Structures are given as C-alpha cells and as structure tokens.
Amino acid sequence: MFSRPSLCGNLGRLCRSGTAAAISAPTTLPALSALALSDARGYHEVVGDIICPSQVRGIDHIRDPRLNKGLAFTLEERQVLGIHGLQPARFKTQEEQLQLCKIAVNRYTEPLNKYLYLSDLHDRNERLFFRFLSENIEDLMPIVYTPTVGLACQRFGLIYRRPHGLFVTFNDRGHIFDVMKNWPEPNVRAICVTDGERILGLGDLGACGMGIPVGKLALYTALAGIKPHQCLPIVVDVGTNNIDLLEDPLYVGLRQKRVVGREYDDFIDEFMEAVVKRYGQNTLIQFEDFGNHNAFRFLDKYRNNYCTFNDDIQGTAAVAVAGLYASKRITGKSLKDYTFLFAGAGEAAIGIADLVVKGMVAEGVPIDEAYSRIFMVDIDGLLTKTRKVGSLDGHKVNYAKDIEPMADLEQIVSTLKPSVLIGASACAGLFTPKILRTMGENNERPIIFALSNPTSKAECTAEEAYQNTDARVIFSSGSPFPPVTMGNKTYYPGQGNNAYIFPGVGLGVICTGTHHIPDDMFLIAAQELANFVEPTDIERGSLYPPLSSIRDVSMNIAIGVTKCAYDKGLASTYPEPQDKRKWLEDQLYNFNYESSMPVTWTWPRMPYIKTRAESPLIAAIK
C-alpha cells in the first residue's frame with residue numbers, strides 16, 4: 001500500500017510504443033539501452049521534491065502520482081503540457097476531489113476494501129491522498145493503521161500489486177548496499193524496518209509484514225508533514241516460522257524457516273551499515289515489530305551508534321506515560337504515588353515501565369524506589385527472584401521482586417492491590433470481570449490500560465472496564481473502542497495510539513539531523529502530549545486529545561525534540577534556529593496542488609549601446 005516508486009514497466013512501455021518492432025535481432029545492447037532510456041520512463045518520473053522541468057514530459061504529469069492532479073489541471077496547463085483531450089472537459093478543485101474521495105471510500109463496508117481504495121488513490125495522486133488522510137484522520141486512522149493494517153498484512157499475498165518499499169532478503173547478504181542502491185530516491189531521511197516476526201498481536205507474518213512500515217511512514221507524512229520521498233519502508237526477509245504461510249501458495253516471501261543466531265545478527269549489522277553508506281549517519285531507522293528476543297538487543301546494540309529507536313518499546317512507552325500524566329488531573333496523584341502492575345513482560349511492557357521509572361526519577365524519586373513500585377507478570381507468573389519457572393533474561397531482571405511467586409493474575413491483583421493495571425500481553429479477555437471489580441474495590445479511580453493490538457487481542461473492552469468499576473475507571477486502549485453509555489452519561493475512551501508520538505519525534509529528529517535518540521526525547525514527547533489534553537477531553541472519558549488535533553500535537557512534540565537535540569549537542573543542523581516552530585513549518589510537505597506551469601520571468605530591457613560597424617573576417621584576423 002501507499003507505495004514509493006515502482007521500478008518496473010520500462011520494457012513494457014518500450015514494446016507498447018511500437019519502437020520495439022523496428023529493432024532487429026542484431027541490434028547492439030548499447031543501441032537498445034540508449035533507445036530504451038530515451039523513450040521509456042519509470043513509474044515515478046521525478047525523484048526528490050525539486051523537479052527539473054527539462055526532464056519531465058507533459059504526459060508525465062498524468063502518469064506520475066507526485067505530479068498528477070487529476071481533473072484539477074487548468075485549461076492552460078492542459079494545453080501547454082500537451083495533455084488537453086486526454087481528460088474529460090470538467091475542471092475540479094482539490095476540495096471537490098476530496099468530497100469525491102469521501103463518497104468513494106464510504107461506499108465500501110469492508111475495512112480491507114477501504115484500505116485498497118486508499119492504496120489505489122496514493123498510487124494515482126499523492127498530494128490528494130495525503131491531504132485526504134490528514135484531514136480525515138479520525139475516520140481513516142483505523143484503516144491505514146491498526147486494526148485494518150493487521151488484516152492487510154494477513155492478506156498481503158492476495159492484495160499485493162506493486163512494490164511499496166524495499167525487500168532485502170537474507171539471500172542478498174554481502175550485497176545489501178547494492179540492493180539499497182536500487183531505490184531511486186537520493187534523499188531518504190527516515191526508514192521504518194521490520195523483519196515481520198511479531199506483527200501487532202498476530203505473530204510471525206514474515207514478508208507480509210510490509211504493511212506495517214508502509215502504514216507507519218504514511219502517518220509520518222499525514223500527521224507530521226514529513227515529505228513522502230524522504231520515507232522508505234523496508235522488510236528484511238529472513239524467512240518465517242509460520243507454517244501456514246510457508247504452505248500458502250500466495251506467500252510472497254522467502255519460503256524457509258527463520259534464520260537465527262550469528263548469521264542473523266551479521267545480516268542486520270550489514271543492513272545498518274548499508275543504510276549509513278547509502279543515506280548517511282543521520283538517517284532515522286525506526287525498528288518495528290521485531291520479536292521480543294531481538295527488539296531490546298538491537299535497541300541496546302545500535303542506539304549509541306546509529307540514529308535509531310524502537311517504536312514498540314519507546315513509542316508505546318511515551319503514549320502510555322502521557323496517559324498517566326493526564327490521569328494526574330483526575331486522581332491528583334503523581335507517578336510516585338502509584339503502584340503499577342504490568343500484565344505482560346515483552347518489549348511494550350518493559351518499554352513503558354522503563355519510561356515510568358525515568359519519569360519518577362525526574363520527580364525526585366530514587367531509582368531503586370522507582371523500580372520497587374513496578375510489578376510485572378509474564379506467561380509464567382509474577383516476576384520474582386525466587387520463582388522456579390520462566391526466565392529473567394534481559395531487562396526483566398530489573399522488575400523481579402524478592403517475594404513469593406504467584407501465577408494467578410486474579411490472586412496477584414488481590415494481593416498487591418495495584419493502582420495502575422497495564423495490559424500488554426496480546427491475551428484477549430485477560431482482565432476478567434473479577435479482576436476489574438477488584439481494581440474498583442481497591443481504588444477510588446482505578447487506572448486500567450488495555451493496550452494490546454489489534455482490538456481482538458485487547459485484555460478487556462472499554463464496556464467491560466466501565467461496567468465492572470461503576471464507571472469510575474480511568475481507561476485507555478491500544479485500539480479504538482466505541483463509546484460506552486452508563487446511566488445518563490456517555491464515555492468516549494481514548495486510544496493510546498503510538499501515532500501521537502512517533503511522527504512528531506521523527507520530524508524533530510530529521511530536521512535537526514540528530515545522530516542519536518535518547519529516552520529523554522520520548523519523555524518530552526509524553527509531556528507534550530499530556531499538555532495537549534483539554535479538560536473537555538478528560539470530562540468525556542479520554543486521556544488523549546482528539547485524533548483530529550494530532551498534527552498540532554506532532555508539531556509541539558517536534559519543537560520539544562528540537563530543543564532537546566540542541567541542548568544536548570545531538571543536532572548536526574546549524575545554526576540553531578531561534579524561532580523553532582517557523583523553522584520546522586518551513587520544511588513541511590505541501591498537501592495542496594502547485595502550478596504545473598513552467599516558471600517564467602522577464603528580463604530588464606537592454607540598455608542601448610552603439611556598436612561599431614561590422615568588418616570582414618580577414619580584417620579582424622589582421
């Protein structure tokens with residue numbers, strides 16, 4: 001979906017032109033290459049955002065989604081560009097086209113069909129697509145992002161049409177830079193990469209996970225104004241352990257079990273080096289949906305050597321902590337006053353817990369005390385130093401307590417009496433009515449976050465949370481839930497969507513040329529997001545502002561990240577701008593159509609200078 005350039009089609013266009021028929025068998029390769037280059041063009045006729053008019057033909061303005069304006073071409077543009085007659089007589093403004101897009105997308109009842117319509121729109125008219133998405137984000141976010149993107153990944157082999165990003169396979173090891181060179185964009189600033197091992201809560205989808213980086217980077221543009229040509233979705237295809245996919249005739253990835261161990265690590269090392277060699281040290285590399293056993297390893301390994309972050313760990317953490325900051329207005333308490341229980345001990349849960357610790361330390365709490373207020377449960381029960389089952393590898397050890405092991409979540413909640421219960425387990429229904437009632441009995445305003453995606457994996461629904469706590473719950477979820485009516489009041493639960501965080505962070509990092517991304521930037525992002533929550537949002541039951549305001553949120557986050565980058569000496573773009581908002585706004589993508597006419601200007605009239613009489617050439621030589 002939401003594709004970057006398609007790199008095929010030149011040969012087909014050459015054949016369709018009729019020129020191929022005139023080429024005889026003995027034609028030399030150089031002659032054929034010259035002919036192909038002169039007559040055939042790729043799917044995108046231009047790269048970057050600076051167009052060289054002498055390289056763009058009139059018909060390119062219809063063929064290239066970056067140049068195409070549909071029926072918005074004026075009569076003068078159609079005539080000068082030589083496309084008059086190739087379109088019907090009607091002229092439409094971009095606003096009229098947006099109305100048609102709304103009608104068209106609403107004709108579909110199935111979310112996947114809406115997804116496909118948006119994909120086709122982006123392949124036809126890039127500016128119209130991004131403006132449509134950015135101005136209708138509340139309706140279209142569930143289509144381009146969770147939960148529909150999960151379904152799109154599951155059906156990827158069926159709906160695949162053209163290249164949407166770059167596929168780097170394990171078979172390309174030793175030549176990853178050569179693969180990177182094939183991407184025609186010279187100025188990529190943000191890469192979102194996945195190996196497809198843990199797509200949302202759906203598991204190992206291998207190469208079908210491409211829908212995730214494609215959707216994420218579409219939101220970079222729609223929500224933060226990052227230029228589309230600066231974004232590159234990538235799948236590193238090392239195989240899949242999903243037997244259903246391996247046996248599926250429609251599967252488009254490597255049909256082999258996942259590569260693991262030293263070979264896998266060396267492959268990722270080569271990929272990181274190839275990115276820097278191709279696009280520079282300050283290229284933002286966002287890791288997405290890697291398996292838990294790899295996500296933290298790579299974050300720890302690369303964070304001080306590359307400009308990188310993991311959205312599942314740090315983006316999820318920031319949006320969750322923002323919800324906790326916003327909850328202060330209801331409970332009157334600070335982070336240090338809460339006792340936290342996490343259901344799940346994967347990358348999302350530990351990422352949130354780590355940022356909560358950082359937030360408490362910022363409030364003046366000693367770090368050991370901060371860790372002591374956080375309890376965590378994995379598949380084998382409560383993380384304790386004395387339990388006989390399950391591992392305490394990696395970051396889990398920081399949250400293991402010196403208490404008796406417990407395996408039953410209902411017992412754990414009853415014993416520990418947490419004030420905050422956060423679900424990041426991908427286990428649907430884990431928060432039973434009894435657990436929810438216990439939270440309500442132990443707390444005047446229990447805080448319950450069911451963050452697992454997609455909706456079908458949520459630990460509880462919004463309705464269950466409100467019903468079992470007499471509507472006293474402070475609730476947030478990772479996927480959208482419908483409003484809940486209790487008595488004569490309707491609650492509109494907020495969605496703790498990472499899209500509030502990563503576009504703004506990305507904008508600030510890209511514009512400043514930041515070379516490393518500290519956790520401080522995500523704590524700043526959480527604070528900026530919480531500051532944007534209005535009393536009316538709290539009153540309606542949401543810890544987050546409306547999605548319609550997310551572009552303003554992204555700008556505020558980008559300003560905060562920009563200040564942090566310069567304060568910490570991480571920026572490489574100088575001089576430091578004084579008016580950071582205006583400086584950032586000047587670099588944003590323009591969603592509106594621009595004139596397709598060549599720029600013309602006049603010269604001043606030449607002053608009169610009398611010239612001497614012409615003389616014969618022979619006289620001039622003498």
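**Note on pockets, backbone and core in the predicted model**

1. The lining of the second largest pocket comprises 13 nonpolar, seven polar and eight charged residues. Here Ala, Val, Leu, Ile, Met, Phe, Trp, Tyr, Cys and Pro count as nonpolar, Asp, Glu, Lys and Arg as charged, and the others, Gly among them, as polar. A pocket is an open set of points on a 1 Å grid over the protein atoms alone, where a 1.4 Å probe fits, with protein on both sides within 12 Å along at least five of seven lines; lining residues have an atom within 4 Å of a point.

2. The model is predicted: local features need pLDDT of at least 70 and side-chain atom pairs pLDDT 80 or more, while totals for chains, interfaces and linings use all residues. Residues are numbered from 1 along each chain as its sequence is written, and side-chain values use heavy atoms, leaving out hydrogens and water.

3. In the second largest pocket, 28 residues form the lining, with Ile51, Leu67, Arg127, Glu594 and Ser595 nearest the centre. Two or more lining residues come from each of helix H4 (75-81) and helix H7 (126-135); helices (H or I, at least four residues) and strands (E, at least two) are DSSP runs, numbered from the N terminus.

4. The largest pocket has 43 lining residues, and Arg198, Ala424, Ser425, Ala426 and Ser452 lie nearest its centre. Its lining divides into 18 nonpolar, 14 polar and eleven charged residues. Helix H16 (311-331) is one of the elements supplying at least two lining residues, as are H12 (211-224), H17 (347-362), H19 (409-416) and strand E7 (374-378). The largest share, four residues, is that of H16.

5. Threonine 146 is joined to proline 147 by a cis bond with omega of about 5°, and proline 147 sits in the loop between helix H8 (137-144) and helix H9 (148-154). The bond from tyrosine 574 to proline 575 is also cis, its omega being near 0°; proline 575 belongs to the loop between helix H25 (550-567) and helix H26 (580-585).

6. Positive phi values occur at aspartate 470, near 55°, and at alanine 471, near 65°; neither residue is glycine. Aspartate 470 is in the loop between helix H21 (462-467) and strand E11 (474-477), and alanine 471 is likewise between H21 and E11. Alanine 471 is buried (under 20%), at 13%.

7. Isoleucine 501 touches (heavy atoms within 4.5 Å) Gly315, Ala318, Val319, Phe522, Ala525, Ala526, Leu529 and Ile557, residues up to four places away in sequence not being counted.

Notes
Buried means under 20% relative accessible area, exposed over 50%, partly exposed in between (1.4 Å probe, protein chains only).
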